[in-house]
Amino acid sequence: MQELKICLLLSLIATSLAASFPAHASQCLSAEGKIGKCIPKSSCRTYDPDAPIRRADNCNFFTSSLVCCLDSEAKDLPILFPTSVDNRWSSNLLPVPGSGSCGISTSDKIFGGMETGIDEFPWLALLEYKRKDGTKFFGCGGVLINSKYVLTAAHCIRSDYTLNLVRLGEWDTSTTHDCDYDGCADPVQDISIRQIIIHPEYNKNGSNHHDIALLRLTRPAKLSYFVKPICLPISNELRGKTRDESTNFVVAGWGRTETNFKSNKKLKVDLKGFNQRECAQKYRQRYGSEINDSQLCAGGEEGKDSCTGDSGGPLVASHNDGRGRNFYYLAGLVSYGPSKCGTKGVPGVYTRVSKYIEWIEANIRE
């Protein structure tokens, strides 16, 4: 009887929440990466109840009665663009934050510990290297910024190993087909690299500044529920948030660097922003390295550091688009940190992506 009461209560909550968020006002991203509209199954002309069950959309956070409908009515729904985007920004090669085309992590579950869900952080990339003897291994991480480009750290471009390909849509590297109790992910996408663009100022005078590189893929990635681009901090509002030491960040990856690894499954850890001046002072005194405005610091809690993620992987933060929907934007790329990961009081250092928006835009093309 107690279990029945709980089920009825949860059903009432779901119904109430669904009523509070009208379906006609909600955009969604389908499994194929197309913009649609969250509407009841009975109202979607293209809904097929006999089709194989997939993680089809991000409409069923509150109730399973909604689907991401792509029929003629839904296709006419305009994509909304945030008014905070700078007028001078004219690039059409990067997805616009708040448009529903980037930064959408559609997992609606809460996972304990460090392990992510199978569908969390769909912009994460793994870089595969080839040794001189022909053997291959996964090293650094990266982040998808549109269907043809991945950002990573410049220090991940090694002279002793050949950067072989980029893997997208991965969750567990020990399996050939990722599945959890809710179903299975699409097959991973392994895409070779057409061009490597390292920032021209990287490693100048032996510093770690400008630790950023672009990888152009040989073919466009197929955007889906498990492969989506991250938003870049294009607007002044998002650029300013990366300077706010009270900002909460998340770094995710497989715990891999260019020389070692920790986990087969994708991991995540929450990090707090760290005062830039204090960070610079600590690194100058401890390691003799200089932190400048092209970098940001985060972490500093014992046992929590970017060692949990990949070198070159993304440091992201969440932002509300003003219409009740959150999206993630790319704040930093994992660059380097204390010799002992997770040292109390010593944060990790990240390339501040907001300082490189113009450089990224100038170096990408159709």
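Residues are numbered from 1 along each chain as its sequence is written, and side-chain values rest on heavy atoms, with hydrogens and water left out. Because the model is predicted, local features were required to have pLDDT of at least 70 and side-chain atom pairs were counted only at pLDDT 80 or more, whereas totals for chains, interfaces and linings use all residues. Helices (H or I, at least four residues) and strands (E, at least two) are DSSP runs numbered from the N terminus. Residues are termed buried under 20% relative accessible area, exposed over 50%, and partly exposed in between, with a 1.4 Å probe and protein chains only.

In soluble globular proteins, nonpolar side chains tend to be buried together. A nonpolar core is here a set of buried Ala, Val, Leu, Ile, Met, Phe, Trp, Tyr and Cys residues joined through side-chain atoms within 4.5 Å. The largest such core comprises 29 residues, of which Ile 145, Leu 151, Leu 214, Leu 232, Leu 330 and Ile 360 touch the most other members. Two or more residues of this core are contributed by each of strands E4, E5 (136-146), E6 (149-152), E12 (248-253) and E16 (326-336), and by helix H5 (357-363). Apart from it lies another core, of 18 residues, including Phe 137, Cys 140, Val 150 and Cys 156. When neighbours within four places in sequence are left aside, Leu 232 is in contact (heavy atoms within 4.5 Å) with Leu 94, Pro 97, Ile 145, Leu 238, Leu 330, Val 353, Ile 357 and Ile 360.

Aromatic pairs were assigned where the rings of Phe, Tyr and Trp (its six-membered ring) have centres within 6.5 Å, planes under 30 degrees apart being classed as stacked, over 60 as edge-to-face and the rest as tilted. By this rule the count comes to nine aromatic pairs. One of them joins Trp 123 and Tyr 328 in a tilted arrangement, with 5.6 Å from centre to centre and 50 degrees between the planes. This pair links distant parts of the chain, since Trp 123 belongs to the loop between H2 and E4 and Tyr 328 to strand E16, 205 residues apart. Trp 123 counts as buried at 1% relative accessibility, whereas Tyr 328 is partly exposed, with a relative accessible area of 22%. The pair of Tyr 129 and Tyr 161 is edge-to-face, at 6.4 Å centre to centre and 65 degrees between the planes. Here too distant parts of the chain are linked, Tyr 129 being placed in strand E4 and Tyr 161 in the loop between E6 and strand E7 (162-168), 32 residues apart. Tyr 129 is buried, at a relative accessible area of 1%, and Tyr 161 is partly exposed, at 25%.

Phe 121, Trp 123 and Tyr 328 form one aromatic cluster. Phe 121 lies in the loop between helix H2 (72-75) and strand E4 (124-130), counts as buried at 3% relative accessibility, and has a positive phi, near 50 degrees, although it is not glycine. Most residues other than glycine have a negative phi. A positive phi, near 60 degrees, is also found for His 210, which is placed in the loop between strands E10 (189-198) and E11 (213-217) and is partly exposed at 21% relative accessibility.

A search of the whole structure finds four disulfides, a disulfide being a pair of cysteine sulfur atoms within 2.5 Å. Among them, Cys 102 and Cys 231 have sulfur atoms 2.0 Å apart, and their link is right-handed, with 95 degrees about the S-S bond. The two are 129 residues apart, Cys 102 in the loop between H2 and E4 and Cys 231 in the loop between E11 and helix H3 (236-241); Cys 102 is buried at 1% and Cys 231 is buried at 0% relative accessible area. The sulfur atoms of Cys 140 and Cys 156 lie 2.1 Å apart, and the torsion about their S-S bond is about -85 degrees, so this disulfide is left-handed. Both Cys 140 and Cys 156 are buried. Cys 279 and Cys 297 form a further disulfide, with sulfur atoms 2.0 Å apart, and this link is left-handed, with -75 degrees about the S-S bond.
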